[in-house]
Amino acid sequence: SIKGALPGREVGGPYAATPSSRSVNFGTGTFTVGGGSVGGGLGTRSIAIGGTGGAAASRAATVSAPLGASAVTMESSLGQTSDDAIANVENRFPAEPTMEHKQRLVFAEFDIKNERTLTFEGFRRVLRALNIEFTETTVEDMYERADLNKNGRMSYSEYLNWAEHYPNLVDAIYNRARAMVERTRREQLVDVQKQKLEQAQKKERDQQEVYDNAKRDLEVALRDVAGAQEEHFNRIDLEKMRSEELFEATRAMENAKVARNAAEMEWQSFKGREREVKKPLLEIRNGIATCQGRMQTNDAVIEQLQDRVRAFEAQINDLKKDITKLTDDNIATEGEIERLQGDERELISGAE
């Protein structure tokens with residue numbers, strides 16, 4: 001029992017919250033904080049909790065608040081997985097704690113230096129960090145009433161006596177601290193997910209860059225292949241054209257051989273006639289000898305042309321010109337032979 005703990009103020013007296021207290025939403029449920037009058041210096045001040053609860057407290061106040069148990073929880077959850085961090089919050093700040101557990105955790109929140117005593121500065125900073133908007137005078141008055149021996153420090157027994165008189169405020173502090181740790185943990189998880197997303201996006205950009213480079217290299221290689229194919233086809237066409245030219249030269253050479261054979265046959269005919277008519281045909285024989293010399297010369301030239309065709313295809317055009325010239329010469333020779341044959345026939349006819 002704390003009856004008589006504060007002189008002239010028993011539990012349920014004017015020091016405690018009255019039943020007609022105000023209801024305020026802190027984000028985790030509706031809690032009642034003493035709204036009636038308190039004795040002494042408080043007068044008729046209304047002890048109201050400002051804001052919209054733990055979820056509305058600013059991020060800056062949450063992170064920078066020098067809280068005891070909350071700070072330890074936030075730091076320990078940095079390297080944990082999602083399930084471990086949630087378990088840590090639930091173990092430290094259970095959703096339905098006993099009053100003793102709740103009072104002990106709230107005391108740890110106020111005990112920012114872990115000295116088992118509460119200073120006014122720590123008391124004030126924790127209330128402000130939790131966005132509990134008491135006036136400076138209200139905070140000072142509340143702390144002075146809890147500091148029974150007036151030594152400037154609130155012991156744990158003095159804190160328990162204070163907590164018994166302000167159970168709704170203890171509830172509000174507990175739930176806001178729990179909500180702040182939970183919110184901070186979730187924000188940290190979001191930051192981790194953002195970092196993972198940024199890493200994945202960077203990896204995707206790097207892979208896209210590698211893909212684009214590979215695609216450009218492939219396009220260059222395809223253009224090179226297309227150029228090589230075009231050059232190959234051009235070479236095939238050139239080779240085909242050279243083959244056709246070679247075929248034409250070969251055919252011209254065969255025609256020359258036929259003409260040479262025909263001329264040789266004519267020569268044999270002249271030779272037979274020469275045996276029949278010797279003296280009168282002296283001029284004819286000389287003419288035939290001349291023709292034979294020309295034919296031998298032509299044979300030698302033809303043989304040279306054959307060697308040149310086999311050795312180098314590039315001289316085909318020159319060979320064509322030479323062959324054409326020789327062909328014309330053979331035609332002229334044939335005309336000369338025909339003329340001589342006419343003379344021969346005239347001589348024979350005269351001899352008869």
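This is a predicted model: local features need pLDDT of at least 70, side-chain atom pairs count only at pLDDT 80 or more; totals for chains, interfaces and linings use all residues.
Buried means under 20% relative accessible area with a 1.4 Å probe, protein chains only. This core has 28 residues, and F110, F123, L127, Y159, W162, L169 and I173 touch the most other members. I noted that α4 (99-110), α5 (120-129), α6 (136-146), α7 (156-165) and α8 (167-276) each supply at least two residues. The helices are DSSP runs of H or I, at least four residues, numbered from the N terminus. With seven residues, α8 gives the most to this core.

**Y159.** I listed its contacts (heavy atoms within 4.5 Å). Leaving out residues up to four places away in sequence, Y159 touches Q103, V106, F107, F110, L118 and M154.

**Second core.** I found a separate core of seven residues, including A256, L305, V309 and L326.

**Cavities.** On a 1 Å grid over the protein atoms alone, a cavity is a set of points where a 1.4 Å probe fits but cannot get out; lining residues have an atom within 4 Å of a point. I counted seven cavities of 30 Å³ or more.

Residues are numbered from 1 along each chain as its sequence is written, and side-chain values use heavy atoms, without hydrogens and water. Local features need pLDDT of at least 70 and side-chain atom pairs 80 or more, while totals for chains, interfaces and linings use all residues.

Notes:
A nonpolar core is a set of buried Ala, Val, Leu, Ile, Met, Phe, Trp, Tyr and Cys residues joined through side-chain atoms within 4.5 Å. Buried means under 20% relative accessible area, exposed over 50%, partly exposed in between (1.4 Å probe, protein chains only). On a 1 Å grid over the protein atoms alone, a cavity is a set of points where a 1.4 Å probe fits but cannot get out, and a pocket is an open set with protein on both sides within 12 Å along at least five of seven lines; lining residues have an atom within 4 Å of a point. Grid points are joined across faces, edges and corners, and a volume is the space filled by probe spheres set on the points.
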